[in-house]
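Dear colleague,

Please read them with the coordinates open beside you.

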Amino acid sequence: MRRTLSLLLFFIALALPARSEKVVAGLSQNRVSITATFVGSEILIFGAVKRDKPPPEGDPLQVIVVVEGPASPVTVRRKAKRFGIWVNTDAMELAAAPSFYAVATSAPLSQTVSILDDLRHLISVERSIRISDNPFTNEDPRDFSAALIRIRENNGLYTLMENTVNLREETLFDTRIALPANLTEGDYRTRIFLTRGGYVASQYETVINVQKVGLERWIFNLAHEQPLIYGLLSLVIAIAAGWGASAAFRLILRS
Amino acid sequence: MQIYLPIAEVSVNAFLLLGLGGIVGILSGMFGVGGGFLMTPLLFFIGIPPAVAVATEANQIVASSFSGVLAHLKRKTVDLRMGCVLLVGGLIGAAFGVQLFNSLKAIGQVDLLVKLSYVLFLGVIGSLMFVESLRALLQSRGGTVVPTRRKHTWLHNLPFKMKFRTSGLYISVIPPIIVGILVGILAAIMGVGGGFIMVPAMIYLLGMPTKVVVGTSLFQIIFVTAFTTLLHATTNFTVDMGLAVLLLVGGVVGAQIGARIGTKLKAEQLRVLLALMVLIVCGKLAIDLLIQPAELYELGAKGGH
């Protein structure tokens, strides 16, 4: 009996080499609804470290939270001076880039995760962009992907928030991720990593669902599924609104 | 109050849009122009994607011209026959313009096309208007008015002549159709009604009497911009209903205020002011093209569209 138990424990230990610590996490909300007055949303991500023995000595525990929007191909264009004016000359299609990418860490990112585990788990934003399926190109794709990151950082779509995960006694943690108003719809993959000495000890994954709802949903669907009806409707509505506004204004002036 | 625009996929302040509509409305009411040529660049400046700005502006022009046409129809200052001939050209031009717009969008040059068109047309029209109105201002001070005589030019020798009773003309349909085509292309590419080019063309090229010019051009503009709106809506999905309505409500109220201000100013002074404004917008766009942008890279259309 004792032998089987110890054998079992041995196999568990083999299967989960670093699983003496396990992350358990929750979100303040799993759905984000984009309505007409949507101004962005803040999601509280919290959790705890579950362990069956005292925390190991040595490197401190760190937490990384990654929220990632749906990926799509993006064309990045570069301007150059032609005939005295600045025009788009070179372009590169990047195979996939997330529409949103937020990384929150409990310490500077470089101290939180090693280069190897960053590559393995695709944590930093540079790793999340798939550059090209086409190796036959003269351009340096890194210029274009760096430009993409720079532009989306300026738009608040890509953020790196170091030292924003509060970690208490290596057990409880929480952080807030702000979702901006210009969100794309889709499933936002949310990953939480526990690291020690730069190596991922445990990870947890969940999804935040972002959707247009109500009128916004209806308008968007109509515009894409019944474009002719949508076009006619927008003409009718615009004419009615214009006429209504001028009639109302005349009424106000007369009274 | 921030409002999320479902098609443009950006969140903007509703009062900013109402205010923009209002200011452009006041100017358009003062000067009797559509205002599309001012509104579209302003929408670029507040971060609306150019494709959405152009398509939505076309939608807005339909609505803002609608009550104007009704008023002109009541006063019988619309040459319906000439309007229809111009319209035939306009529809052909709009269809071609949207094609051109879409193929350039695919290769990433549509912003350049839109901005270059603005610089070119606003520059030429603004300078012509400025010189002409300045001369008129000086003449009205001097008190000598040079009578203009209608000349017989090669335009009157073209085939397919037609009688336009309201305008009192007997001319070939070829020049109005060509004017219509040009205006249609402009409507599709620049998101403007094209009144600023059609009105001078009708007066100086076709020799139409001034009193029917505005009504007839509005009549043509309504149908051409409506057609453009539908083409953009069905091929690009870029017409934003919410944006159009907000701009419109501001615009209509502004136009009424502007029309009252306009009656208090002299026509020549108004024209000089308008010319200056056109030149300022042109200059701003030209500078943007000429100086090195802070960000050399830009992202293409959002994936999936």
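If neighbours within four places in sequence are left aside, B:Ser117 is in contact with B:Ile189 and B:Met190. The C-alpha atoms of B:Ser117 and B:Cys282 are 9.9 Å apart, although 165 residues separate the two in sequence. That pair can be set beside a figure for the chain: among contacts in chain B between residues at least 6 apart in sequence, 81% join residues at least 24 apart.

As to chain B in general, it contains 10 helices and five strands, and 50% of its 305 residues count as buried. Its radius of gyration is 19 Å, which agrees with the value near 19 Å that a compact globule of 305 residues would have. Taken along the principal axes, the box filled by the C-alpha atoms of chain B is roughly 55 × 45 × 40 Å.

Helix 2 itself (residues 36-45) is largely enclosed by the rest of the structure, because seven of its 10 residues are buried. The buried residues in helix 2 of chain B are B:Gly36, B:Phe37, B:Leu38, B:Met39, B:Thr40, B:Pro41 and B:Leu43.

Turning to where the chains meet, the contact takes 45 residues from chain A and 45 residues from chain B. On the side of chain A that touches chain B, at least two residues each come from strand 5 (71-82), strand 6 (85-98), helix 5 (141-154), helix 6 (214-225) and helix 7 (227-254) of chain A. Helix 7 of chain A supplies the largest share of that side, with 15 residues. By class, the residues of the side of chain A that touches chain B divide into 29 nonpolar, 11 polar and five charged. Strand pairing also crosses between the chains: strand 5 of chain A and strand 5 of chain B (residues 297-299) run antiparallel and are joined by three bridges, with B:Tyr297 as the bridge partner of A:Arg78.

Within chain A, the domain assignment gives domain 1 (20-212) and domain 2 (213-255), and the centres of these two domains, taken over C-alpha atoms, are separated by 39 Å. The contact between them takes six residues from domain 1 of chain A and six residues from domain 2 of chain A. On the domain 1 side, strand 2 (31-34) and strand 12 (199-212) of chain A are the elements that give two or more residues, and that side has two nonpolar, three polar and one charged residues.

The C-alpha atoms of A:Asp52 and A:Ser20 are separated by 6.5 Å, with the two residues 32 apart along the chain.

Finally, a word on confidence. The model scores ipTM 0.74 and pTM 0.73. Chain A has a mean pLDDT of 81, with 89% of its residues reaching 70 or more, and chain B has a mean pLDDT of 80, with 91% of its residues reaching 70 or more. Over residues 14-18 of chain A the pLDDT stays under 50, and the model has one contact beyond four places in sequence for them. Where pLDDT is low, the predicted coordinates should not be read in detail.

With kind regards

Conventions
Residues are numbered from 1 along each chain as its sequence is written. Chains are lettered from A and ligands numbered from 1 in the order in which they are written. This is a predicted model: local features need pLDDT of at least 70, side-chain atom pairs count only at pLDDT 80 or more; totals for chains, interfaces and linings use all residues. Two residues are in contact if their C-beta atoms, placed from the backbone, lie within 7 Å. Helices (H or I, at least four residues) and strands (E, at least two) are DSSP runs, numbered from the N terminus. Ala, Val, Leu, Ile, Met, Phe, Trp, Tyr, Cys and Pro count as nonpolar, Asp, Glu, Lys and Arg as charged, and the others, Gly among them, as polar. Two strands pair if DSSP finds at least two bridges between them. A residue is buried if 20 or more other C-beta atoms lie within 10 Å of its own, exposed if 12 or fewer, and partly exposed in between; C-beta atoms are placed from the backbone. The radius of gyration is taken over C-alpha atoms; the globule rule is 2.2 Å times the number of residues to the power 0.38. Domain bounds come from an automatic or database domain assignment. pLDDT is the predictor's confidence in each residue, from 0 to 100.
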